[in-house]
Amino acid sequence: MPIDIDGPHGIAISRNKDFYYVSLAHGRPFGSVWKYSTRDDSVLGHTRLGLFPATMDLSPDGSLLYVVNFNLHGDMVPSSVSVVATEPMLEVARIPTCTMPHGSRLNADGTKHYSACMMDDLLVEIDTATLKVSRHFLLTKGREMGMNGSPVAPKTARPAMAGMKGPQKQMDMGGHGMEPPKPGDVSCSPTWAQPSITGSSIFVACNKSDEIVEVDAVKWNVKRRIPARSGVYNLATTKDGMRLLATNKRDQSVSVVEIKTGRELARIPTRRKVLHGVVVSPDDRYAFVSVEGVGSEPGTVEIIDLATLKIVASVDVPEEAAGIEFLRTEPAK
């Protein structure tokens with residue numbers, strides 16, 4: 001595209017560390033997902049998906065890849081989650097969800113998939129046994145409601161868009177999480193859905209209202225709203241289930257939150273602007289944060305020591321660093 005980088009957005013690595021998958025979001029008009037070998041970076045296959053495929057996650061056995069079709073450059077209509085069989089690299093299902101789905105995470109046992117839709121204020125749950133939407137949840141403050149089934153039945157209202165007018169609605173179509181809320185806007189504009197380690201809760205990043213909403217996965221109601229920094233965007237949990245990490249896109253910082261109390265343990269400023277993803281090492285020692293940068297600036301990977309809660313290293317990478325994943329720990333030399 002003439003004014004945009006035709007580059008990768010999401011990345012996922014198989015549990016056996018043999019393969020990695022990359023979504024190319026900026027297709028014309030469709031995007032794609034590619035499979036690579038970790039041994040020599042050779043291309044092993046690819047398939048075309050929907051409009052702007054973005055975040056991805058793999059089933060526990062690595063046989064299915066769940067990719068949200070974010071639909072950044074398309075009309076404001078419900079989009080979908082693509083399910084790709086990773087051995088033949090074939091799309092086996094395209095599940096309608098809601099407008100601008102973002103974030104793609106499975107619970108620990110792989111039975112439920114969660115994503116959030118920026119323009120509909122919805123959290124969506126997919127049953128991986130049936131590959132259908134099982135429930136959805138309206139996150140708008142004061143209008144919270146859990147519902148069964150899909151939100152894209154005929155004539156279904158789209159709540160987040162319904163309350164927007166004129167220029168506000170147009171500016172929100174940017175979908176990058178950088179636009180602050182207008183006066184009176186109580187929408188969530190969710191950008192990430194992160195199941196807890198036990199799967200009993202789903203944490204949702206409300207980019208507009210600067211909150212992290214915890215939804216009870218059993219009762220399907222709001223457990224609490226945790227205050228967050230401006231433009232909270234992507235989330236990750238530590239493997240011990242005790243801390244939640246959040247990238248704050250408008251605040252140029254990373255938050256470390258104690259899950260039990262909801263207390264922010266640290267706010268860690270980053271060297272460059274426009275934060276994106278975060279991933280935690282398997283031993284819970286480090287967090288790795290991708291920062292897109294602005295204009296001709298390089299992207300950055302910031303490395304946070306989770307014991308000291310400080311940035312201990314920073315690595316420049318090419319422009320618009322987005323998806324980030326953890327491959328392996330190398331032995332000390």
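The questions and answers below go through these topics in turn.

Biologist: What kind of model is this, and how are residues numbered?

Modeller: Side-chain values use heavy atoms, without hydrogens or water, and numbering starts from 1 along each chain as its sequence is written. This is a predicted model, where local features need pLDDT of at least 70, side-chain atom pairs count only at pLDDT 80 or more, and totals for chains, interfaces and linings use all residues.

Biologist: Which strands are the edge strands of the open sheet of four strands?

Modeller: Strands here are DSSP runs (E, at least two residues), numbered from the N terminus. Two strands pair if DSSP finds at least two bridges between them. The sheet has the order 5-6-7-8, with antiparallel pairing. Pairing on one side only marks the edge strands: strand 5 (53-58) and strand 8 (90-96).

Biologist: Which residue stands opposite Ser-82 in strand 8?

Modeller: Strand 7 covers residues 80-85, and six bridges join it to strand 8. The two run antiparallel. Opposite Ser-82 stands Arg-94.

Biologist: By how many degrees are neighbouring strands of the five-strand sheet turned against each other on average?

Modeller: This open sheet has the order 9-10-11-12-13 and antiparallel pairing. Its edge strands are strand 9 (101-106) and strand 13 (145-148). Axes are lines fitted to C-alpha atoms, and angles run from 0 to 180 degrees between N-to-C directions. With direction ignored, the average turn is 20 degrees.

Biologist: What is the bridge partner of His-136 in strand 13?

Modeller: Strand 12 and strand 13 run antiparallel, joined by four bridges. The partner of His-136 is Met-147.

Biologist: Is Ser-196 buried or exposed?

Modeller: Ser-196 lies in the loop between strand 14 (190-195) and strand 15 (201-206). Leaving out residues up to four places away in sequence, Ser-196 touches Ser-201 and Phe-203 (contact: heavy atoms within 4.5 Å). Buried means under 20% relative accessible area, exposed over 50%, partly exposed in between (1.4 Å probe, protein chains only). Ser-196 has 12% relative accessibility, so it counts as buried.
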